[in-house]
Each structure stands twice: as C-alpha cells, then as structure tokens.
Amino acid sequence: MDRSIPPGLVNGLALQLRNTSRSEEDRNRDLATALEQLLQAYPRDMEKEKTMLVLALLLAKKVASHTPSLLRDVFHTTVNFINQNLRTYVRSLARNGMD
C-alpha cells in the first residue's frame, strides 16, 4: 500500500497543509479528498474503514517524510480526521484487541 501512494498526491497535500491560512475544516477536507482518490485504486476486499485508517496513517507518514516541518500539522490533521470519521471503527478495534 505504501508504494502505491503517488508522489504528486503527497506533494499536493503537503502544499495544502503548508498554507497556514487554511482552517482545520479545510485541512480535514483536503485529507479526505486525498484519501478518496487513494480509495479509488484499492480493491474492495478490505473494509472501507480499515483501508481509510491505514491510508490516512501512511499518507501522514509520507507527507511528514516529504516535508518534515509539517510533522506536527499533518499529525494533528490526521488525528482530527480519524476522530471525526473513524472513531467508532478505532474503538471497535481497541475493544476487539483487548479480548
């Protein structure tokens, strides 16, 4: 999965996150748009939520590697995105992992 994230997508997201005048809502929307683009290329054999979670984390890693100065911003945006969109799924994973 990691290798199939296009460098242009990483660069575009990094540029958007670099723009400090954008709101957190705008940043979440930017991340969601990038994830939707990535989801188009993946087979449907994995749960959508699981795929989105993995891709969000991989994309955050790629952006932070591409532009280390964005580590804090990309981390914050990714955590907010996960909390807003995947919280139930993450809680389910945590519950199932504790059994």
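Start by colouring the two domains, whose centres, taken over C-alpha atoms, are 12 Å apart. Domain 1 is residues 1–66 and domain 2 is residues 67–98, with bounds from an automatic or database domain assignment. This is a predicted model, where local features need pLDDT of at least 70 and side-chain atom pairs count only at pLDDT 80 or more, while totals for chains, interfaces and linings use all residues. Residues are numbered from 1 along each chain as its sequence is written, and side-chain values use heavy atoms, with hydrogens and water left out.

Domain 1 puts 21 residues into the contact and domain 2 puts in 17 (contact means heavy atoms within 4.5 Å). About 1,700 Å² is buried there, 69% of it from carbon and sulfur atoms; buried area is the accessible area (1.4 Å probe) that two parts lose on being put together, summed over both. Click on N28, L53 and A64: together they supply 28% of the area that domain 1 buries against domain 2, more than any other three residues.

Next, show helix α2 (residues 24–40) with helix α1 (residues 7–18): their axes come within 10 Å and cross at roughly 175°. So α1 runs roughly antiparallel to α2 (the word is for angles over 145 degrees). Helices here are DSSP runs (H or I, at least four residues), numbered from the N terminus. Axes are lines fitted to C-alpha atoms, for helices over the stretch in contact, and angles run from 0 to 180 degrees between N-to-C directions. Show side chains for L9, L13, Q16 and L17 of α1, then R27, D30, L31, A34, Q37 and L38 of α2, which make the contact.

Terms used
Helix = DSSP H or I, 4+ residues; strand = E, 2+ residues; numbered from the N terminus. Parallel < 35°, antiparallel > 145°, perpendicular 65-115°, else oblique.
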